[in-house]
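Work through the exercises below with the sequence and the model open side by side. Each task is followed by a solution in steps.

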Amino acid sequence: MRFRAFALFLIVGLSITVAPAIAHHALQAEFDTAKRGEFTGVLTKFALINPHVRWYFDVGKNGGIEKWELIGAGPQALRENGMTRMFKAGETLKATYAPARDGTNTGRVVTFTFSDGRVITLYHEDPNNPNDR
């Protein structure tokens, strides 16, 4: 009986510690961080969810609307920097992003430019060149 209880405890303990390691992924596996794309679109939803913040856009293209999703870091980084109230559904933003490797309308946000000219950088590859210029 003790062996079974120990084995069950061991299995549960290992599954709890292994799950986060399996779930984590490399940014470069999903996005081509060496490339940049950009669009100007209307923010339809801003989601402060774990593990990554998400911005959803309607982008006009060829007379129609394309749906885009940009992904950022975890929500805590935005909360700590007082940036959670900067994004409002309905506003138009210019976005620069690292494109998804699978070709979908998804990207890793690099910068947002607001209508008043403010630019915020949320990701950069080179710490000595934070604006990727």
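The exercises go from the whole chain to single residues, and the model they use is a predicted one.

**Exercise 1. The chain as a whole**

Task: State how many helices and strands the protein chain has, and give their order along the sequence.

Solution: 
- Step 1. Counting the elements gives three helices and six strands.
- Step 2. Written out along the sequence, the pattern is α-α-β-β-β-α-β-β-β.
- Step 3. For burial, 29% of the 133 residues count as buried.
- Step 4. The accessible surface comes to about 8800 Å², and carbon and sulfur atoms hold 57% of that surface.
- Step 5. Among contacts with a separation of 6 or more, 50% link residues 24 or more positions apart.

**Exercise 2. Strand pairing**

Task: Determine in which sense strand 3 pairs with strand 2, and in which sense with strand 5.

Solution: 
- Step 1. Strand 2 and strand 3 are antiparallel, with eight bridges between them.
- Step 2. Strand 3 and strand 5 run parallel, and their pairing has three bridges.
- Step 3. On that side, Gly107 in strand 5 is the residue opposite Leu70.

**Exercise 3. The largest nonpolar core**

Task: Name the residues of the largest nonpolar core that touch the most other members, then list the contacts of Leu70.

Solution: 
- Step 1. The core has 19 residues, and those touching the most other members are Phe39, Trp55, Phe57, Leu70, Phe87 and Phe112.
- Step 2. At least two residues of this core come from each of strand 1 (37-47), strand 2 (54-61), strand 3 (64-71), strand 4 (92-99) and strand 5.
- Step 3. Setting aside neighbours within four places in sequence, Leu70 contacts Phe39, Val53, Arg54, Trp55, Phe57, Ala95, Tyr97, Gly107, Val109 and Phe112.

**Exercise 4. Thr106**

Task: Is Thr106 buried or exposed?

Solution: 
- Step 1. Thr106 lies in strand 5, which spans residues 106-113.
- Step 2. The relative accessible area of Thr106 is 15%.
- Step 3. The cut-off for buried is under 20% relative accessible area.
- Step 4. Thr106 is therefore buried, at 15%.
- Step 5. Not counting residues up to four places away in sequence, Thr106 touches Phe31, Trp68, Glu69, Ile71, Pro99 and Ala100.

Key:
Residues are numbered from 1 along each chain as its sequence is written. This is a predicted model: local features need pLDDT of at least 70, side-chain atom pairs count only at pLDDT 80 or more; totals for chains, interfaces and linings use all residues. Side-chain values use heavy atoms; hydrogens and water are left out. Helices (H or I, at least four residues) and strands (E, at least two) are DSSP runs, numbered from the N terminus. Buried means under 20% relative accessible area, exposed over 50%, partly exposed in between (1.4 Å probe, protein chains only). Contact means heavy atoms within 4.5 Å. Accessible areas come from the Shrake-Rupley method with a 1.4 Å probe; for residues, only the protein chains shown count as cover. A nonpolar core is a set of buried Ala, Val, Leu, Ile, Met, Phe, Trp, Tyr and Cys residues joined through side-chain atoms within 4.5 Å. Two strands pair if DSSP finds at least two bridges between them.
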